[in-house]
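I opened the notebook to record what I looked up in this structure. The entries follow in the order I made them.

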Amino acid sequence: MAWGDWTQWGDLGNGRYRNPILPADYSDLDAIRVGDDYYAISSTFQFSPGMAILHSRDLVNWRTVGHAVPDLTRISPELNWTKMNRYGRGIWAGAIRHHAGRFWIYFGTPDEGYFMTSAERPEGPWTPLHQMLDASGWDDCAPFWDDDGKAYFIGTNFSDGYKIHLWELSPDNKTLIAASDRVIYQSKGSEANKLYKFNGTYFHFFSEVHGDVRVMMMRRAASLRGPWSEKRQLMHSESGTMEPNQGAILQGPDGNWYFLTHHGSGDWAGRAASLLPVHWVDGWPVIGRPGHDGIGTMVWEATMPASGSRRQFPQGSDNFDGHMLAPVWEWNYQPRMDKWSLSERAGFLRLHGFSGLDGGNLLKVGNVLTQRVVRSSGQSFVARLELTGMAEGQHAGLSQFTAQPRAGNPAESTASAGIVMTGGIRYVEISRDGSYTRLQPWTHDAIWLRSSWGLDGKSSFAISADGKQFETVLAGFPLTWGAYRGSRVGLFTLNPVGDNGYVDIDKVTYAAGE
């Protein structure tokens, strides 16, 4: 099967599943099992709230239950709506663990260092971020608690030749003990670190680059102080599999072992997630289907780890009836909190207009509320906006964007369809890469906006006065990959004239899991 051509994915409803299980941007996954429940985290870069937390009972069907970082400015002011200066940066890979009755999340940011937080419940509240290491050039960290309760911490200094460091942690699990720091491994691109202990043996999971592809590796030892065995490759990096590499080894509800991973080579939908079987061969967890050489290969379809689950997906529709935003949403950067509300008008999301940092450049407009794009056939994202609160100069609408195209990729990165108010008249408006085109006047007090796309990765924008009959106003917009992220779909308003006007959004329909 060619990558991206799937017509079926996830839970097939017949006791089997197909990879990818999440054909959307769920990058840098880690996961744990707590009783009969599974919890995963996924990196979020500049999106807020940060570090998505997912829940599952079967490792295939997942839903978003929260985020660990409600305020990105505790990492850096560059992640605030006043700066918006961390595309491709922000929250990178991390690890989630359950220890001493609490959930613990540790992660790195490439510019600021390592951070941690903890909570009694995965839904939160999470403790304020604590910075463990104030230094740039570090990533892919994980904690480890030994049987005696002693805590350790592993991470990669990618700015120093990808050296992997191991520290002891303080008893409160918040501080790296500097005197304990030692380098335990180094190779080309060595990162994606995890520490495990299976049947009394310590395992160091990591990935590294062989030639021009990234592969999953492991070493083992009788003690964390070593000596460590020779490294062992766990899975081949085959053409068309997009490099599975970052993830978690864990036991499923059926007693079998699995590897939950992202595919590290991203495309316009980001880095999709797959669930691969793990087979223990000669004491090593071989990922995928073991070959004659003892190294695994990609598995596209397998038996569900548990039966009786309801098909779930971590993105979806919303009618804004709650007092908090549903966890399916993430703002592009930390939002301006006084310019959005769920309480000013019950049952509606109100977005207030204010000026962006760079005119109409949507990558520099605050309070853009987003969801991930799903790589699936027949996808559509529909929002109904009420327009009576709009002010002179205000723009409002639906956007799709990528942070920035990959170097050398001439594809566009932003597009939108919506309404602009000028001269006291509302007009339909479209944009591509910050260039806005005014279309016909819009005399209605509400508008339905729709973005639709398929497996070809091209989106079309359409408008409607009744939510039934739609008129296409922008077609063939190419969704792209950039700054380690796939495309996003989102709602926005801005007003270059000043802090004036608002729009009310009462419903979003996004059948992402179908």
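**Entry 1: charge and overall form**

I started with the charges. The protein chain carries 47 positive and 54 negative side chains, and the centres of these two sets are 1 Å apart. I note that this is a predicted model.

Next I looked up the secondary structure. The protein chain has 40 strands and 0 helices.

Then I turned to the dimensions. The C-alpha trace spans about 75 × 50 × 45 Å along its principal axes.

Of the 514 residues, 61% are buried. Among contacts with a separation of 6 or more, 58% are between residues 24 or more positions apart. The accessible surface is about 18600 Å², and carbon and sulfur atoms account for 47% of that.

**Entry 2: histidine 55**

I went to histidine 55 in strand S6, residues 50-56. Is this histidine 55 buried or exposed? Its relative accessibility is 10%, so histidine 55 counts as buried.

I then looked for a side-chain partner. Histidine 55 and aspartate 37 make a polar contact of 2.7 Å through their side chains. Beyond four places in sequence, histidine 55 touches Asp37, Tyr38, Tyr39, Asn61, Trp62, Arg63 and Val65.

I stepped back along the chain to proline 49. This residue sits in the loop between strand S5 (47-48) and S6. The peptide bond joining serine 48 and proline 49 is cis, with omega about 0°.

I found another cis bond, from glycine 226 to proline 227, with omega near 0°. Proline 227 is in the loop between strand S18 (213-221) and strand S19 (232-233). For context, most peptide bonds are trans.

I moved to histidine 99 in strand S8, residues 94-99. Histidine 99 is partly exposed, because its relative accessible area is 21% and the cut-off for buried is under 20%.

Which side chain makes a polar contact with histidine 99? I found tryptophan 145, at 3.3 Å. Outside four places in sequence, the contacts of histidine 99 are Trp104, Trp145 and Asn173. I also took one distance: histidine 99 and glycine 13 are 86 residues apart in sequence and 35 Å apart in space, C-alpha to C-alpha.

Alanine 100 came next. It lies in the loop between S8 and strand S9 (102-109). Its relative accessible area is 67%, so alanine 100 is exposed. Its phi is near 55°, positive in a residue other than glycine.

**Entry 3: glutamate 243**

I looked up another positive phi. Glutamate 243 has phi near 55° and is not glycine. Most residues other than glycine have a negative phi. Glutamate 243 lies in the loop between S19 and strand S20 (244-251). With a relative accessible area of 16%, glutamate 243 is buried.

**Entry 4: aspartate 267**

I found aspartate 267 in the loop between strand S21 (257-263) and strand S22 (273-281). Aspartate 267 counts as buried, at 13% relative accessibility.

Where does its side chain find a polar partner? The side chains of aspartate 267 and tryptophan 3 are joined by a polar contact of 2.8 Å. Neighbours within four places aside, aspartate 267 is in contact with Trp3, Met242, Arg375, Trp481 and Gly486.

Lysine 458 is in strand S37, residues 458-464. It is partly exposed, at 47% relative accessible area. Neighbours within four places aside, lysine 458 contacts Ser452, Trp453, Gly476, Phe477 and Pro478. The C-alpha atoms of lysine 458 and arginine 219 are 43 Å apart, across 239 residues of chain.

Lysine 507 is in strand S40, residues 502-510. It is partly exposed as well, at 48%. How far apart in space are lysine 507 and aspartate 321? I read 9.3 Å, C-alpha to C-alpha, for a pair 186 residues apart in sequence. Beyond four places in sequence, lysine 507 touches Asp318, Asn319, Phe320, Val382, Ala383 and Arg384.

How values were computed: Residues numbered from 1 in each chain as written. Predicted model: local features only at pLDDT ≥ 70, side-chain atom pairs only at ≥ 80, totals over all residues. Heavy atoms only, no water. Helix = DSSP H or I, 4+ residues; strand = E, 2+ residues; numbered from the N terminus. Buried < 20%, exposed > 50% of the residue type's maximum accessible area, 1.4 Å probe, protein only. Contact = heavy atoms within 4.5 Å. Areas by Shrake-Rupley, 256 points an atom, 1.4 Å probe, with all protein chains shown as cover. Lys, Arg positive; Asp, Glu negative; His and termini not counted. Charge placed at Lys NZ, Arg CZ, Asp CG, Glu CD. Polar contact = N/O pair within 3.5 Å; in protein donor to acceptor, adjacent residues only side chain to side chain.
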